[in-house]
Amino acid sequence: MSFHRSLSCPSCGVAVEKVTAHTRSLQCPHCDNWVYLGNNGWVASGGFEHALDAPSILYVGRSGSLNNRDFVVAGRIRLGYGSGNWDEWWLEFEDGDHQWLEEDDGSYQLHTSVEQQASAATLRGCSVGTFVDIEGQNFFVTEKNEAQVEGAQGALPMTIMPGEAVLCVEVVGGGKEYSLEISADDVSMTDSIPIDADSFRWK
Ligand SMILES: [Zn+2]
């Protein structure tokens, strides 16, 4: 994985090694505080209130391979809504690629970022059962839920804060399903394919 550098934790001052060029927030391995890259450098945001329970097969730092591509589990976000929750794992592949692996109640979806630039305002205004316009293409909205960041571990490619609200929208277009996650003005749009847990090779 490229561009490893180190940063001085803004909370405890100890050097955090192996920060990649993609990292925008991470849990300091020394003081456990969640820190993120702000406009003026790295800032501490305190910690997450709830400890994350032990997952079934994934954990931050675990190495494995999927379809003969080696990866490391670099980070995790726990998102919750009402009484339910799910996890999103940030996988760093050895070839420099990154993908999100969603784990929900024992089923897995591998998410790949797509090029479309969707507007946060448009997505906040859309309704389930109607079409939403994303770069001139119509997508049918099948789900829209407000979730909350309940916890995070490791290193992540975006600046998220404890308790932050995330709007999750599912759409269908051109025969494919897409997931959109909107936090503040940031929109991440991915397509997803189901992955069988047996497809992973763990080291
Ligand atoms: Zn620290």
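**Ground rules**

I number residues from 1 along each chain as its sequence is written, and I use heavy atoms for side-chain values, leaving out hydrogens and water. Because the model is predicted, local features need pLDDT of at least 70 and side-chain atom pairs count only at pLDDT 80 or more, while totals for chains, interfaces and linings use all residues.

**Entry: zinc site**

I looked up the donors of the zinc ion first. I took as donors the N, O and S atoms within 2.8 Å of the metal (3.2 Å for Na, K and Ca); water is not among the atoms, so sites may look incomplete. The SG atoms of Cys9, Cys12, Cys28 and Cys31 coordinate the zinc ion at 2.3 Å. Along the chain these donors follow C-x2-C-x15-C-x2-C.

What is the geometry of the site? It is tetrahedral, with angles of 106 to 113° among the four donor atoms. Four donors get that label if all angles lie between 85 and 135 degrees.

I read strands as DSSP runs of E, at least two residues, numbered from the N terminus. Cys12 sits in the loop between strand S1 (5–8) and strand S2 (15–19), and Cys31 in the loop between strand S3 (25–27) and strand S4 (34–38), so this pair ties together parts 19 residues apart in sequence.

For burial I used relative accessible area: buried is under 20%, exposed is over 50%, partly exposed is in between (1.4 Å probe, protein chains only). Cys12 is partly exposed at 33%. Cys31 is partly exposed at 26%.

**Entry: salt bridges**

I searched the whole structure and noted six salt bridges. The criterion is a side-chain nitrogen of Lys or Arg within 4 Å of a carboxyl oxygen of Asp or Glu.

Arg69 bridges to Asp95, with the closest N and O atoms 3.3 Å apart. Arg69 is in strand S7 (residues 69–81) and Asp95 is in the loop between strand S8 (84–93) and strand S9 (98–104), so the pair ties together parts 26 residues apart in sequence. Arg69 is partly exposed at 25%. Asp95 counts as exposed at 51%.

Arg69 also meets Asp97 in a salt bridge, 3.0 Å from N to O. Asp97 lies in the loop between S8 and S9, 28 residues from Arg69. Asp97 is partly exposed at 35%.

I checked Asp191 with Lys176 next. Their side chains form a salt bridge of 3.2 Å, N to O. Asp191 is in strand S15 (residues 186–195) and Lys176 in strand S14 (residues 176–183), so the pair ties together parts 15 residues apart in sequence. Is Asp191 buried or exposed? Asp191 is buried, at 15%. Lys176 is partly exposed, at 41%. Back to the shared partners: salt bridges join Arg69, Asp95 and Asp97 into one network.

**Entry: Arg76**

Arg76 also lies in strand S7. Arg76 is buried, at 1% relative accessibility. Its side chain makes a polar contact of 3.0 Å with that of Asp87. I counted N or O pairs within 3.5 Å; within protein, one atom must be able to donate a hydrogen and the other to accept it, and residues adjacent in sequence count only if both atoms are side-chain atoms.

**Entry: Phe140**

Phe140 lies in strand S12 (residues 137–156). Phe140 is partly exposed, with a relative accessible area of 30%.

Notes: Helix = DSSP H or I, 4+ residues; strand = E, 2+ residues; numbered from the N terminus. Tetrahedral: all angles 85-135°; square planar, octahedral: opposite > 155°, others 65-115°.
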